[in-house]
Amino acid sequence: MADAGATILARSELESALEEHRGELTGYCYRMLGSVFEAEDAVQETLLRAWKGLNRFEGRAAFRSWLYRNATNVCLDMLSGRERRARPMDLGPAREPIESNLHTLPEVTWIEPAPDALVVHDEGDPADVAVARETIRLAFVAALQHLPPRQRAVLILCEVLRWQASEVAELLETSVASVNSALQRARATLDASELKAGDAAAPADPEQQDLLARYVAAFEAYDMEALTALIHEDATQSMPPFDLWLTGREDILTWWYGPGIGCRGSRVLPTTAANGSPAFGQYKPSESGGYEPWALQVLELEDGRIKELTFFLDTDRVFPLFGLPPRLD
């Protein structure tokens, strides 16, 4: 009976410890996989392995390391033999803003948006929180997918989570020299992508809030003159699951007033931040009355203007994730 009681106590403590690590594991798996849905599946499998291997945990530090080893192995298994996820701009050049250029690709092709609350914790060192937000931006997550899976794990563990090379070597069952070599190659690949950080001002920053309020008002009014003043001249737009992407404010507004004219009269609702950026639920006017879901808009800001617009059109999957209603009356 004493042994059974000890096991029950241990499992009770384990359940609490597992939940404590769920958020950071989800963030790690999201960066590895590019999909928050797959990341949640990977974390569930990781926690299941933890339950089954309870007798192998020896101390809190070993417990956390063992969780990450399980999470890494689960992600590597899921990535085996699979094409990398991407954004439309990773797959080909920008094209003219005409409807005949619209082609859909399977859902598994695309980087998917993630609510900040699922993959980033605001507690702890502000510098670490800032790094966490920067490293879930859509462009960064897409760039990670260019790395071989083990290089990807090394870079995330060392650069984002700040693990020592010796700790990563132990987790991956390899040498410190091998980890340092993989890290060097991963950094070179990311440097070649010429990633540029967006506007990292806090969400409550008054200038950002004013810019976003003016954007919502202009978009709902479909005021092209006002939108012209808010969007960078060299801005980009993409609309997964379509592979078409646009570059330049002129082409974007040509699309909005051409093939995208059905968005006129839309309602736009703010929601929780996505990938470190402001996000909105867009609802188009419905022929039956009210408004039907159309897109999750994720906006990248730079120098006081909108630099990138991503419209995620798979609202059946994405809207519930962001707590957006299925319809507006």
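Predicted model: local features only at pLDDT ≥ 70, side-chain atom pairs only at ≥ 80, totals over all residues.
**Entry 1: helix α8 on its own**

I began with α8, which runs over residues 149-160. I looked up its length and found twelve residues reaching 16 Å from the first C-alpha to the last. That is close to the 16 Å expected at 1.5 Å a residue.

Next I asked myself: is α8 enclosed or open? Nine of its twelve residues are buried, so α8 is largely enclosed by the rest of the structure. I noted the buried ones by name: Q151, R152, A153, V154, L155, I156, L157, C158 and V160.

**Entry 2**

I turned to the partners of α8, with one reminder to myself. Two packed helices are described by the angle between their axes and by the distance between those axes.

For α8 and α9 (residues 165-172), the axes come within 10 Å and cross at roughly 140 degrees. I also checked the hand of this crossing, and it is right-handed.

Which residues meet here? From α8 I listed R150, V154, L157 and C158, and from α9 I listed V168, L171 and L172. Sorted by class, this α8 and α9 contact holds six nonpolar residues, no polar ones and one charged.

**Entry 2: α8 against α10**

Then I moved to α10, which covers residues 176-192. Its axis and that of α8 come within 9 Å and cross at roughly 90 degrees. That makes α8 roughly perpendicular to α10, since angles of 65 to 115 degrees count as such.

On the α8 side I found Q151, V154, L155, C158 and E159 in the contact. The α10 side supplies V179, A182, L183, R185, A186, R187 and L190. The residues of this contact divide into eight nonpolar, one polar and three charged.

**Entry 3: α9 against α10**

To finish the trio, I looked up α9 with α10. They pack at an angle of about 105 degrees, with axes 8 Å apart. The two are therefore roughly perpendicular to each other.

Here A165, S166, V168 and A169 of α9 meet V176, V179 and N180 of α10. By class, I get five nonpolar, two polar and no charged residues in the α9 and α10 contact.

What does phi look like at the residue following α8? At R162 phi is positive, near 65 degrees. R162 is in the loop between α8 and α9. With a relative accessible area of 46%, R162 is partly exposed.

Leaving aside neighbours within four places in sequence, R162 is in contact with D128, V131 and L157. Its C-alpha is separated by 9.1 Å from that of D128, 34 residues apart along the chain.

**Entry 4: R84**

R84 has its place in the loop between α3 (60-79) and α4 (88-91). R84 is partly exposed, at a relative accessible area of 30%.

Not counting residues up to four places away in sequence, R84 touches D90, T109, Q145 and H146. I also checked R84 against A192, 108 residues apart along the chain, and their C-alpha atoms are separated by 18 Å.

I closed with a backbone check. Most residues other than glycine have a negative phi, and most peptide bonds are trans.

Y222 is not a glycine, yet its phi is positive, about 50 degrees. Y222 is in the loop between α11 (206-221) and α12 (224-230). Is Y222 buried or exposed? It is buried, with a relative accessible area of 6%.

D303 has a positive phi as well, near 55 degrees. Its place is in the loop between β5 (291-302) and β6 (305-312). D303 is exposed, with a relative accessible area of 64%.

Where did I find a cis peptide bond? One joins P240 and P241, with omega about 15 degrees. P241 is in the loop between β1 (231-238) and β2 (245-247).

Methods. Residues numbered from 1 in each chain as written. Heavy atoms only, no water. Axes fitted to C-alpha atoms, helices over the stretch in contact; angles between N-to-C directions. Helix = DSSP H or I, 4+ residues; strand = E, 2+ residues; numbered from the N terminus. Left-handed = near helix turned anticlockwise from the far one by under 90°. Contact = heavy atoms within 4.5 Å. Nonpolar A, V, L, I, M, F, W, Y, C, P; charged D, E, K, R; others polar. Parallel < 35°, antiparallel > 145°, perpendicular 65-115°, else oblique. Expected span 1.5 Å × (residues − 1). Buried < 20%, exposed > 50% of the residue type's maximum accessible area, 1.4 Å probe, protein only.
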